Amino acid sequence: MRWQGQELGVADAAALPGLEHLNGLVQSVTTPEFAGVTFHEVLCKTALNHVPGASAMPFDWTVNPYRGCSHACVYCLDPSTMILMADGRSKALRDIAVGDQVTGTRREGSYRRYAAATVSAKWSTRKRAHRVLLADGTELIASADHRFLTERGWKYVRPAPSGSPQRPFLTTNNKLLGFGMGSMTTGLLESDAYRTGYLSGMIRGDGMMLRRAYPRSNGRGTYMAHRFRLALADPEALDRSRRYLAACGVTTNRRVFAEATAGRRAMDAIFTSRATDYEAITSIVTWPESPAPEWSRGFLAGVFDAEGSCSRGILRISNKDPQIIAAIQSSLVAFGFDFATEPVRPNGVTSIYLRGGLPARRRFFELVQPAITRKLDLLGVAVKSDAPLRIVSIEDLGETVDMIDITTSTGDFIANGVVSHNCFARGTHEYLELDAGRDFDSQVIVKINVAEVLEKELRRGSWAQPPVMLGTNTDPYQRAEGRYKLMPGIVSALTESGTPFSILTKGTLMRRDLPLLRDAAQSVRVSLAMSIAVFDDELQHLVEPGTPTATARLDTVRAATEAGFRVTVFLMPIIPHLTDSIAAIDDALSRIKAAGATRVVYGALHLRPGAKQWFMQWLGQQHPELVSSYLGLYPGASAQAPKAYRAWLAKRVRPLLRVHGLDGRAEDDHPRGNPVAGLAARSDARASGIVTTSRGRAAASAAAEAPRLF
């Protein structure tokens, strides 16, 4: 679909370069889920693409719902960066998973407020590290391309590279928005002292302990009754208390204490009536003569769960007992908190509230780790810059390190207490009249009506149901498919018309459609193939930073195999000097076989115009020692590895294919015009006959025994 194919009217002078004549354009969309990517939604006139006769492709027809690829990665932060979750707790970036709920922000009128956000993607790579230090002590390790929210809008860590368009970037004295990390201590573990302190705060604050002599029913003297009970509406605190007591050797029972009413939540209680348990609990909650820091940390968590609140931006802990109030005060002092003690109320209650706003509250929560989640809620609070978040320094650390970023539904997240933007990274290919670099990844054409147009084209009397290939130009299961969901309509249209089809993808989104594909294969020949070029995670992050890992793709192969498909893996491109060793190929084939794939197509790296320039630049940065060898393998405008190298590669791969019991062939073993088996075949399909393309490409019956490909 060249731009000219969409020319329906006059030029649009305001359009992006290359879009002037795209009058099939419905709208251009940017979304926080794909930060840095613009989707140009178009109404296509055709869906079926006929492969030119001069093409070397062994098929005649393709469908490409997208142009450009949203596999572009998003990354930029150190894996140890603490991310604020939607429940008010923090988790290291390395531990975040797709589907997690984190805290982002949303603009509401003139205010930006904290809001829940869903993680839709997680990516990793290696990038040059920069340290951003803030006045409160917060430290951020990020790449130059990462953006943070300042009082003057979003800014990158560093200026754009020389020769690139200018962009706003951080400078000293810029102030970031959020609450910062400062001296926060995160990820603290429980200890015996912490557990004892927590039980002291919780039981003294909200527990009931009773020891009393009662007359015996037979009138012969008295007996001593022992009662312990802790009743709470919040199961998190009750469960923690019960667990901590069990660790101290105290076993409790649990029961309903009060049913829910219109104005009150239900309450459960834990209890015990054993004298030994009572004595043990009494010992646990005894005031220590010299409280250890861990005891004080646990005590603050317990007494806050029992008697604390956090509403309207004020954190309070209240109680009548002067000894408890004194213990709260001394514990806060021990950790350097600023607080105020309110006058005693007529009912005898004294309240202590924390000073310092949101930064102080967040530090309290990170330090003491209370159990009750609802008291940590930050959602809906306005994002204010009331913390000393002025940038003190920005330092290039001079090293390349592992980095991770996430894509969220709000387009941002809270990293080390400041508002951090989803990033985008590289562009690698020349596409249409757009920029030869970044635009392939950042300007994605979406044929939103492709399924409807395809359905009409397949109903034509001239359509003879030749095989159709998906994934030959751009990936039909790229990340954008999760947003646009075009493939189900395409699959249904092909199936209903009786058209066999094959899918080649790098995307794990194909797992979503396996039930639909399994049903389709009952009527037509359906072939599935997964492209996996690099099995070493570190190298994969460098070469294909925006794609799913080899492990994730192999999991998809396994799922497709379990669904009844005979899956082919495209082990290509094999990269000279980087992935062509016997050890690397053997490891790849071993993992492919373990995933259940039956066939492998392999091939050496192609360096076509556009991609070649990008790859050689990348090679010079990452492996300068290999540049001279590549100039010899791919001289001048050469795109293909020399025949001698391909023959040498075949001598390595073919014996290993036999060792692992895999069918396989090189990508150029079967030039156009010779019979080539389909990419894969369902083992339980019952299609009959042979489908032959106009160039003599035969697709054998799915019911037949799969032929060897070499």
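**Figure 1. Salt bridges across the whole structure.** A search of the whole structure finds 26 salt bridges, a salt bridge being a side-chain nitrogen of Lys or Arg within 4 Å of a carboxyl oxygen of Asp or Glu. The model is predicted, so local features need pLDDT of at least 70 and side-chain atom pairs count only at pLDDT 80 or more, while totals for chains, interfaces and linings use all residues. Residues are numbered from 1 along each chain as its sequence is written, and side-chain values use heavy atoms, with hydrogens and water left out.

**Figure 2. The salt bridge of aspartate 145 and arginine 167.** The two side chains meet with N and O 3.1 Å apart. Aspartate 145 is in the loop between strand S10 (139–142) and strand S11 (147–150), and arginine 167 is in the loop between strand S12 (153–156) and helix H1 (192–206), so the pair ties together parts that are 22 residues apart in sequence. Helices (H or I, at least four residues) and strands (E, at least two) are DSSP runs, numbered from the N terminus. Arginine 167 is buried, at a relative accessible area of 15%. Buried means under 20% relative accessible area, exposed means over 50%, and partly exposed is in between (1.4 Å probe, protein chains only).

**Figure 3. The salt bridge of arginine 254 and aspartate 268.** The closest N and O atoms of this pair are 3.5 Å apart. Arginine 254 is partly exposed, with a relative accessible area of 32%. Aspartate 268 also counts as partly exposed, at 25% relative accessibility.

Figure 4. Between arginine 316 and glutamate 342, the closest N and O atoms are 3.1 Å apart. Arginine 316 lies in strand S18 (residues 314–319) and glutamate 342 in the loop between strand S19 (339–341) and strand S20 (350–354), so parts that are 26 residues apart in sequence are tied together by the pair. Arginine 316 is partly exposed, at 26% relative accessibility.

**Figure 5. Surroundings of lysine 320.** Lysine 320 is in the loop between S18 and helix H5 (322–334). Its relative accessibility of 54% counts as exposed. Not counting residues up to four places away in sequence, lysine 320 touches Asn347, Gly348 and Val349, where contact means heavy atoms within 4.5 Å. The side chain of lysine 320 reaches the backbone oxygen of asparagine 347 at 3.4 Å. The C-alpha atoms of lysine 320 and valine 344 are separated by 8.6 Å, and these two residues are 24 residues apart along the chain.

**Figure 6. Helix H1.** H1 has 15 residues. From its first C-alpha to its last, H1 reaches 21 Å, close to the 21 Å expected at 1.5 Å a residue; the expected span is 1.5 Å times one less than the number of residues. The buried residues of H1 include Tyr194, Arg195, Tyr198, Leu199 and Ile203.

**Figure 7. Threonine 495 in helix H10.** Threonine 495 is found in helix H10 (residues 487–496). With a relative accessible area of 17%, threonine 495 is buried. A polar atom of its side chain lies 2.7 Å from the backbone oxygen of valine 491. Leaving aside neighbours within four places in sequence, threonine 495 is in contact with Phe501, Ala520, Ser523 and Val524.

**Figure 8. Nonpolar cores.** A nonpolar core is a set of buried Ala, Val, Leu, Ile, Met, Phe, Trp, Tyr and Cys residues joined through side-chain atoms within 4.5 Å. The largest one has 82 residues, and those with the most contacts inside it are Phe501, Leu517 and Tyr630. Helix H17 (residues 643–659) gives the most to this core, with six residues. Another core lies apart from it and has 44 residues, among them Met202, Ile284, Val303 and Phe304. In soluble globular proteins, nonpolar side chains tend to be buried together.

**Figure 9. Confidence along the chain.** The mean pLDDT of the protein chain is 83, and 82% of its residues reach 70 or more; pLDDT is the predictor's confidence in each residue, from 0 to 100. Over residues 423–441 the pLDDT is below 50, and this stretch has 66 contacts in the model beyond near neighbours in sequence.

Note on methods:
A polar contact is a pair of N or O atoms within 3.5 Å; within protein, one must be able to donate a hydrogen and the other to accept it, and residues adjacent in sequence count only if both atoms are side-chain atoms.
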